Amino acid sequence: RTIDTQALSATPIPRTLSMGLAGLREMSVLQTPPPGRLPVKTHVLKFDAASMLAQIRAEIKRGGQTFIVAPRIADLLPIETQLREAERNFLLELGPENAESAQTMRLLVAHGRLGASL
């Protein structure tokens, strides 16, 4: 008996990559991006919630999406809190007449220790 699995990832997860390189798992690599695919832009900067929010807003405005990767689960709550506070401050600065028309971000946090109910 065998078990067939398929895993797709834009970035190889280290365990999956090592299993593929060791021959424990078959791997295929897409060499050509899909038509119209824009390259991924990666920035490594000192954390600044207001600057990050400005970049997120620019990406939302162009119809894109943003992912923030943190090395530790414990880092997620402080980042989320600071981004939500920066968003509140941004909307307050706009004033009530402009805040209603401003496109707000949808912020979700995900990690490997989430309960099954999500």
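View 1. R84 counts as partly exposed, at 36% relative accessibility (buried means under 20% relative accessible area, exposed over 50%, partly exposed in between, with a 1.4 Å probe and protein chains only). The model is predicted: local features need pLDDT of at least 70 and side-chain atom pairs pLDDT 80 or more, whereas totals for chains, interfaces and linings use all residues. Residues are numbered from 1 along each chain as its sequence is written, and side-chain values use heavy atoms, with hydrogens and water left out. The side chains of R84 and E80 form a salt bridge, 3.0 Å from N to O (a side-chain nitrogen of Lys or Arg within 4 Å of a carboxyl oxygen of Asp or Glu). Because R84 and E80 are four residues apart in helix α3, about one helical turn separates them (helices, H or I, of at least four residues, and strands, E, of at least two, are DSSP runs numbered from the N terminus).

**View 2. The packing of helices α2 and α3.** Helix α2 spans residues 49-61 and helix α3 residues 76-94; their axes lie 9 Å apart at an angle of about 75° (axes are lines fitted to C-alpha atoms, for helices over the stretch in contact, and angles run from 0 to 180 degrees between N-to-C directions). The two helices are therefore roughly perpendicular to each other (angles under 35 degrees count as roughly parallel, over 145 as roughly antiparallel, 65 to 115 as roughly perpendicular and the rest as oblique). Among the residues that meet are L53, I56 and R57 in α2, and L83, A86 and F90 in α3 (contact means heavy atoms within 4.5 Å).

**View 3. The salt bridge between R57 and E87.** The closest N and O atoms of R57 and E87 are 3.0 Å apart in this salt bridge. The pair links distant parts of the chain, 30 residues apart, with R57 in helix α2 and E87 in helix α3. R57 is buried at 16% relative accessibility, and E87 is buried at 8%. Beyond neighbours within four places in sequence, R57 is in contact with E87, F90, L91, Q103 and T104.

**View 4. E59 in helix α2.** E59 belongs to helix α2 and counts as buried, at 19% relative accessibility. Residues up to four places away in sequence aside, E59 touches G64, Q65 and T66.

**View 5. The salt bridge between D75 and R72.** The side chains of D75 and R72 meet at 3.3 Å, N to O. R72 is exposed, with a relative accessible area of 53%. The structure holds four salt bridges.
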